[in-house]
Amino acid sequence: MERVKVAISILVLFVVATGPAFAGIGVTPTRQEIRLEPGEESQGSYVVYNGADKPVLVKVSCEDWFKLAKNRQINVTSWLEVEPKEFTLAGHERKEVTYRVKLPEEAVGELVAMIYFGAESTESSMIHTKFGVSLYVRAKGTDFVEGKITDLSIRQVLPDEPSGPYVQTIVTVTNDGNVHLRPRIRTVVNDKKGSTIADISFPYGWPVYPGHSYPYCGYAMKKELEPGKYIVTATVDYGDSKNILTKAIGFTVDRDGKVTKIKKRGGEKR
């Protein structure tokens, strides 16, 4: 699904037209994840707030965001209801919007919806902002989590290059399960003596969906590697303490700062 490649499931914010007097709306939380038995019902809520001084008209809509092949016949309107679907917020006013989920009996793995809150100025019909929040519903007994590290690489940007110097490590995670992964990733660069040169914690939050891979990037700013041999080790935690993934590669840095992979040093571990 092409849309998944550009999906931001934490927050989707499209600004079409804004003015000094229109600050737009916000919604919290920006993501909710629940786990239900097939056929089970649940409900929850979001809080929508108007950051502007003037009133806005809010219209709510829902879309399927990611769908497994086994769930292709299940439409978001069959399992998710949101109320109210339209309302007006005065300046700086807040309102609770509730949702109700009934997980279909035939659902497998996970259903994912994006709930959009479109805001219009009451003085104009032009849509100013469209704010999306994600809802993940896992089907107990049918869901399984499975991931692997499919690639690990490193590069460095030298001081004479834009934004340099910095070291960048790239960890590609592939999702072989049937629910999304939201991995916590760390890479450590050691020299040949075992001393730690860089310890990089990656930004957290971007998902990788079933059947897809995603290259996550981490940075050590203001860091430059001296000529020599190194090892970079990646650790990926996707929520299962018994299945922490690791992968390591050896590489060299020459006098010009060029990084060259020398050989594979181990692989992913379960």
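This is a predicted model: local features need pLDDT of at least 70, side-chain atom pairs count only at pLDDT 80 or more; totals for chains, interfaces and linings use all residues.
Figure 1. Strands are DSSP runs of E with at least two residues, numbered from the N terminus, and two of them pair if DSSP finds at least two bridges between them.

**Figure 2. Strand 6 beside strand 8****.** Strand 6 is joined to strand 8 (residues 94-102) by 4 bridges, and the two run antiparallel. Val82 is placed opposite Tyr99 of strand 8.

**Figure 3. Trp79 in the largest nonpolar core****.** A nonpolar core is a set of buried Ala, Val, Leu, Ile, Met, Phe, Trp, Tyr and Cys residues joined through side-chain atoms within 4.5 Å. Buried means under 20% relative accessible area, exposed over 50%, and partly exposed in between (1.4 Å probe, protein chains only). The largest core holds 31 residues, and Trp79, Leu80, Val101, Ile115, Phe117 and Leu135 have the most contacts inside it. Leaving aside residues up to four places away in sequence, Trp79 touches residues including Asp64, Arg100, Pro104 and Val137 (contact: heavy atoms within 4.5 Å). Another core, of 25 residues, lies apart from this one and has Ile185, Val208, Tyr230 and Val232 among its members.

**Figure 4. Asp143 and its salt bridges to Arg35 and Arg138****.** A salt bridge is a side-chain nitrogen of Lys or Arg within 4 Å of a carboxyl oxygen of Asp or Glu; the count is 9. The closest N and O atoms of Arg35 and Asp143 are 2.8 Å apart. Arg35 lies in strand 3 (residues 31-36) and Asp143 in the loop between strand 10 (127-139) and strand 11 (147-157), so the pair ties together parts 108 residues apart in sequence. Arg138 also meets Asp143 in a salt bridge (2.7 Å, N to O). Asp143 is buried, at 12% relative accessible area, while Arg35 is partly exposed at 43% and Arg138 is partly exposed at 24%.

**Notes on the views.** Residues are numbered from 1 along each chain as its sequence is written. Local features need pLDDT of at least 70, side-chain atom pairs count only at pLDDT 80 or more, totals for chains, interfaces and linings use all residues, and side-chain values use heavy atoms, without hydrogens and water.
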